[in-house]
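Subject: Structure for you to look at

Hello,

Here is the structure I said I would pass on. Please open it and keep it beside this email while you read.

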Amino acid sequence: MLDAETLLLNAVIEVDEGVVRNIFELGNCQVEPAGTQFFNGLITTFVPKENRIVGRPVPELVAESLAIGYSGKIILWQHLSLSSFKITADTQMIEL
C-alpha cells in the first residue's frame with residue numbers, strides 16, 4: 001500500500017541502508033536483485049502500535065505514503081482481511 005488510496009499488487013520494494021530506493025510491480029522486474037526477501041501480506045509505512053486496533057481499517061491508519069526516499073519503519077501486515085483491509089484478531093503486524 002503506497003498510501004490510503006493506492007494499492008500495488010505483487011509489488012517490489014527495494015530498500016538499501018534503510019531507505020526505499022525503488023517501488024515497482026513484480027511483473028516489470030527484469031532481474032532479481034541480490035539479497036531479495038519475499039513477504040506475503042500488505043506492506044505500509046509505520047503505524048504506531050497504539051493505533052493497531054482490531055476492527056480498524058488499515059488505510060485509515062496510514063499517515064505517510066510509501067515512496068522512494070522513505071526512511072522510516074515499514075510494517076508487514078499478515079492475516080489481514082483483504083476484502084475490507086480491517087485488522088482482525090489473527091492479524092500479525094511485523095516491523096521490517
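Below is what was found in it, from the whole chain down to single residues.

Please keep in mind that this is a predicted model.

The whole chain

The protein chain has 96 residues, and 29% of them count as buried. It holds 1 helix and 5 strands. Read from the N terminus, the order of these elements is β-β-β-α-β-β. The chain exposes about 6300 Å², with carbon and sulfur atoms supplying 49% of that area. Among contacts with a separation of 6 or more, 55% are between residues 24 or more positions apart.

The hairpin

Strand E1 covers residues 11-16 and strand E2 covers residues 19-25; the two pair in the antiparallel sense over 6 bridges. In this pairing Ile 13 stands opposite Ile 23 in E2. The hairpin of E1 and E2 has 2 residues between its strands, and Glu 17 takes a positive phi near 55° there.

As background, strands of a sheet pair through backbone hydrogen bonds, and the pairing can be parallel or antiparallel.

The sheet of three strands

Strands E3, E4 and E5 form an open sheet in that order, with antiparallel pairing. Its edge strands are E3 (42-45) and E5 (92-95), each of which pairs on one side only. On average, neighbouring strands of this sheet are turned by 25° against each other, direction ignored. Strand E4 takes in residues 74-78 and is joined to E3 by 4 bridges, the two running antiparallel. Ile 43 is placed opposite Leu 76 in E4.

The cores

Which residues make up the largest nonpolar core? There are 10: Leu 42, Val 47, Val 58, Leu 61, Val 62, Ile 75, Trp 77, Leu 80, Phe 85 and Ile 87. Helix H1 (58-61) and E4 are the elements that give two or more residues to this core.

A second, separate core has 7 residues, including Ile 43, Tyr 70, Ile 74 and Leu 76.

Leaving aside neighbours within four places in sequence, Phe 85 is in contact with Leu 7, Leu 42, Arg 56, Pro 57, Val 58, Pro 59 and Leu 80.

Regards

Note on methods
Residues numbered from 1 in each chain as written. Predicted model: local features only at pLDDT ≥ 70, side-chain atom pairs only at ≥ 80, totals over all residues. Heavy atoms only, no water. Pairing = 2+ DSSP bridges. Axes fitted to C-alpha atoms, helices over the stretch in contact; angles between N-to-C directions. Core = buried A, V, L, I, M, F, W, Y, C linked by side-chain atoms within 4.5 Å. Buried < 20%, exposed > 50% of the residue type's maximum accessible area, 1.4 Å probe, protein only. Contact = heavy atoms within 4.5 Å. Areas by Shrake-Rupley, 256 points an atom, 1.4 Å probe, with all protein chains shown as cover.
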